Amino acid sequence: MKVTLSDSQIDYLNNKLIESGYSVFTQKFVFEIQEYLQLSWLQIKRRALNRGIIYKQGFLYSEIYEGISSKAIICFKCNACQIEYKILYSKLLSRNYDNKYCGKCYIKFVTNSEVWKKKNSEAQKIAQNRSDVKEKNRNAQIKRHQNPEVKEHYRNLGKNLWKNKEYSNNISKKILLKWKNKDYADSVLKKNKWLYQGYFENIFYQSLCELSFILNMFYEKRNIKRYDAEAISYVDQNGIEHSYYPDFIVDHFNIIEIKGKKNGTYMSTDDVELISLKKDAAETKFLNTLYNYRIIYIFEQTKLLPINFYKLAKKVHNGKINKENLSSTYGFCF
Ligand SMILES: [Zn+2]
């Protein structure tokens, strides 16, 4: 039988929605109801859906943060007509003027020359404010994440998600096959501007770090393949759920995530936090199984190895070294 929300839970949610003053749950309410119901947003959404009720979440202007999904729903009351308006974040960003107008009022504002003239100076000011607003929101977000309780909260949410059988069983099996599919890998290759992607011995890599790890494993005669097991679900710092696929499986039971430099720079603090959220989710998932989960930092490792596999990876990728060279010069066995 499908798990659903109880009548009193529905009542609670509907009252919260009225309290929020919007037709979607803004982030403040999303946090509050997750806490109160002791359920993740995803669980709430699914259980409501099982009763035919659709709840959505959205973001107030003040809740926008750096790195928010372009598909996030931003909601506000129109400054001109006062009617609630919802817009995708990507659409909002494409606007020239950030004046909290609904679609209709915005078009009037942009096309009405009288208004245009009158508001021009004001509009410019607003456009300038836009980066200020962003900066302010970003700082608020950073502050929030610095709070260890908030961090712990999301970590636990992520963990609880996996304890929920209904949830873990429902994960799409389709995506599992993706990495096995050369067409998929090729489409990733086309879509992304990543420089170093390709196949080594039929194993797809999407960075020199990954290739250097593959080479290292071949050199050590280890069994390595692309991660092809179930997706690992985790909830990010903002309560948004994602699927995560580690990079490789080595010797059948060691699940490996490769980390290195990104775009020539070291990882940002955001990345560090995300890595730890993913790590937590993976470790929880593989707890009491035969699998181990390990993150390997290529640049720390490079110093310890007899061969600089990173340098080698570059040569292999560029075709300057082939399989024969690897055997004869470096002692690889294939
Ligand atoms: Zn309006």
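**Strand pairing around E11**

Tutor: Val250 has its bridge partner in E11, and that partner is Asn254. Keep in mind that this is a predicted model. The Val250 bridge belongs to a pair of strands: E10, residues 248–250, and E11, residues 254–259. E10 and E11 pair in the antiparallel sense, over three bridges. Together the two strands form a hairpin, with three residues between them. Look at Asp251 in that turn: its phi is positive, about 50 degrees.

E11 also pairs with E12, which covers residues 292–297. Here the strands run parallel, and six bridges join them.

Now the helices. H10 (residues 208–219) packs with H13 (residues 309–317). Their axes lie 8 Å apart, at an angle of about 105 degrees. Because of that angle, H10 is roughly perpendicular to H13. From H10, the contact uses Leu208, Leu211, Ser212, Leu215 and Asn216. From H13, the residues are Phe309, Tyr310, Leu312, Ala313, Lys314, Val316 and His317. Sorted by class, the contact has eight nonpolar, three polar and one charged residues.

One more residue deserves a look. Val235 sits in strand E8, residues 232–235. Val235 has 24 other C-beta atoms within 10 Å, so it counts as buried; the cut-off is 20 or more. Val235 and Leu277 are 42 residues apart in sequence, but their C-alpha atoms are 7.6 Å apart in space.

Methods: Residues are numbered from 1 along each chain as its sequence is written. This is a predicted model: local features need pLDDT of at least 70, side-chain atom pairs count only at pLDDT 80 or more; totals for chains, interfaces and linings use all residues. Two strands pair if DSSP finds at least two bridges between them. Helices (H or I, at least four residues) and strands (E, at least two) are DSSP runs, numbered from the N terminus. Axes are lines fitted to C-alpha atoms, for helices over the stretch in contact, and angles run from 0 to 180 degrees between N-to-C directions. Angles under 35 degrees count as roughly parallel, over 145 as roughly antiparallel, 65 to 115 as roughly perpendicular and the rest as oblique. Two residues are in contact if their C-beta atoms, placed from the backbone, lie within 7 Å. Ala, Val, Leu, Ile, Met, Phe, Trp, Tyr, Cys and Pro count as nonpolar, Asp, Glu, Lys and Arg as charged, and the others, Gly among them, as polar. A residue is buried if 20 or more other C-beta atoms lie within 10 Å of its own, exposed if 12 or fewer, and partly exposed in between; C-beta atoms are placed from the backbone.
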